[in-house]
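Subject: Structure for you to look at

Hello,

Here is the structure we talked about. Please open it and keep it on screen while you read my notes below.

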Amino acid sequence: MGDGQDERFRNLPSIDRVVGALSLNEPAAVVAAAARRAVDLARDAIRSGADAPTLDEVLEQTRGILHGRKQRRLTRVINATGVLLHTNLGRAPLGPEQLDAVRNIASGYSNLEFDLTTGRRGSRYHHAADLIAEATGAEAALVVNNNAAGVLLSLATLCKGREVVISRGELVEIGGEFRIPQVMSAAGVKLVEVGTTNRTHLADYERAITADTAAIFKVHPSNYRVVGFASSVAAADLSRLARGREVLFLHDIGSGLLRAPDGTPWTAEEPTVETSLAEGADLVTFSGDKLLGGPQAGIIVGRESLIASLSKNPLLRALRVDKMTLAALEATLVAYSKDGPAALPLWRMALADPEDLERRATELAERIQGRASDGVKVEATASEAVAGGGSSPGGAIPSWAVAVEHPERSAAELERTLRDSAPPVIARVSDDRLLLDLRTVDPADDALLFEACVAALH
């Protein structure tokens, strides 16, 4: 070491001194680890020729490390994006009845795999199955941990080693860059593509079916829409073809819309579970945490003999759901059947009257404007929300938002500041205006949203 580098190292504060100078509501081991990391970074900087940081600079670095660590933990956020089923924000929120059911089951023992009638071992897969069958009109049902798992289990059980016919226009990519061909490959089936990206005809399927074909597989392209010179084959036509050629018809509808509530024109292109089964699908797979409005789960409904086969596949062990998911799902189905979709938080937001949203947006904008500095412009503005989560692409839902413009700070900077709120507020930016869409904000959170906006503007 030379040029006083060893002296700069000696000037670094000790870990104990850094920890002692901080007064934080964090475990001591966590604070010490952050302090050690801050001092290590300072040593690296000194080796590169920098001066030794002051104690205050090391403390600030430590606080930043702790803040970044905290930001990586799961935390509740306010969704002001206008995206109802925001995949990155956890999709459908759960309501009091659903949370009470989870709390009741999670806080003690349960009959998860115990038959109360016989006093012997039972099956976790029987829970919720009857409720799902009643809600959908299916012969039987099975619950796994997500919809991709439902597709994987169905293909691996019923089609492994054989051909499965699917339209090229339905070879979609789902979240996390996973693609339908990859899922099919993992299931051990032979992918047979028919048609083109934009147009597939019934004759394409007819020509592709051979003695080695196990199933026709239709996937709802729920996260995009092809418009213009485009066509696809209806599920009812594929079902008739499958029956005539003695192969299975498997339908992945994705978002799990049981039936479309009144006043939701944005769901017009969304297939429903009831319709798919009525049109003759042998199995239908869908998500529990999308338009059903429940917890993350994959739900498989259809013919009882096929569900029985799926239940015997050893792969099911790796795809099973836990007791808390089952409790929340049961509560979701009970609420849905008893009081309709409006009993669930997702659908209360989706069905909220635009006039009520306008009133809330106007009141909130006026309150924020009253606390803003000169030059800041805050106003209520008409907006468009979307379903999100790979549901109803292109279907706009009329909404209202609070728009904020700052004379010195960009909308992107304000958006970043709101993400540091407690709880974090996730907004969107449009035309260099910060937009807080209230369709996805619980009215009970309006006060928190107000405080976060005032703090961000100052």
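Start with the contacts. Residues 24 or more positions apart account for 74% of the contacts in the chain with a separation of 6 or more. Contact here means heavy atoms within 4.5 Å.

Two notes on the source. This is a predicted model, so local features need pLDDT of at least 70 and side-chain atom pairs count only at pLDDT 80 or more, while totals for chains, interfaces and linings use all residues. Residues are numbered from 1 along each chain as its sequence is written, and side-chain values use heavy atoms, with hydrogens and water left out.

**The whole chain**

The chain has 18 helices and 15 strands. Both are DSSP runs, numbered from the N terminus: helices are H or I with at least four residues, strands are E with at least two. The C-alpha atoms fill a box of roughly 85 × 55 × 50 Å, taken along the principal axes. Of the 458 residues, 49% are buried. Buried means under 20% relative accessible area, exposed means over 50%, and partly exposed lies in between (1.4 Å probe, protein chains only).

**The sheet**

Now find the seven-stranded open sheet. Its order is β4-β10-β9-β8-β7-β5-β6, and the pairing is mixed. Two strands pair if DSSP finds at least two bridges between them. The edge strands are β4 (140–144) and β6 (190–194), and each pairs on one side only. The twist averages 20 degrees from one strand to the next.

Strand β5 (residues 163–167) runs parallel to β6, with five bridges between them. Val164 has Leu191 in β6 as its bridge partner.

Next, take β9. How many of the five residues of β9 are buried? Five of the five are, so β9 is largely enclosed by the rest of the structure. In a regular strand the side chains alternate between the two faces of the sheet. Both faces of β9 are covered. Leu283, Thr285 and Ser287 are buried on one side, and Val284 and Phe286 are buried on the other. Strand β8 runs parallel to β9, joined by four bridges. Asp252 stands opposite Thr285 in β9.

Two helices lie across strands of this sheet. Helix α7 (residues 147–158) lies across β4, β5, β7 (213–219), β8 (248–254), β9 (283–287) and β10 (298–302). It runs at about 155 degrees to β9. Helix α10 (residues 235–244) lies across β7 and β8, at about 155 degrees to β8. Axes are lines fitted to C-alpha atoms, for helices over the stretch in contact, and angles run from 0 to 180 degrees between N-to-C directions.

**The largest pocket**

Rolling a probe the size of a water molecule over the atoms shows where empty space is left. A pocket is an open set of points on a 1 Å grid over the protein atoms alone, where a 1.4 Å probe fits, with protein on both sides within 12 Å along at least five of seven lines; lining residues have an atom within 4 Å of a point.

The largest pocket is lined by 48 residues. Arg76, Val77, Asn79, Leu89 and Pro93 lie nearest its centre. Elements that give two or more residues to the lining include β1 (78–79), α5 (96–106) and α16 (354–371). The largest share, four residues, comes from α16.

**Single residues**

Pro181 is found in helix α8 (residues 180–186). It is partly exposed, with a relative accessible area of 28%. Pro181 touches Leu171, Val172 and Leu191, not counting residues up to four places away in sequence.

Gly161 is in the loop between α7 and β5. At 38% relative accessibility, Gly161 is partly exposed. Gly161 and Gly188 are 27 residues apart along the chain, yet their C-alpha atoms are separated by 5.7 Å.

A cis peptide bond joins Ala422 and Pro423, with omega about 0 degrees. Pro423 lies in the loop between α17 and β13 (425–426).

Last, Asp431 and the next residue. Asp431 is not a glycine, but its phi is positive, near 55 degrees. Asp431 is exposed, at 74% relative accessible area. Asp432 also has a positive phi, of about 55 degrees, and is not a glycine. Asp432 sits in the loop between β14 and β15.

Best wishes
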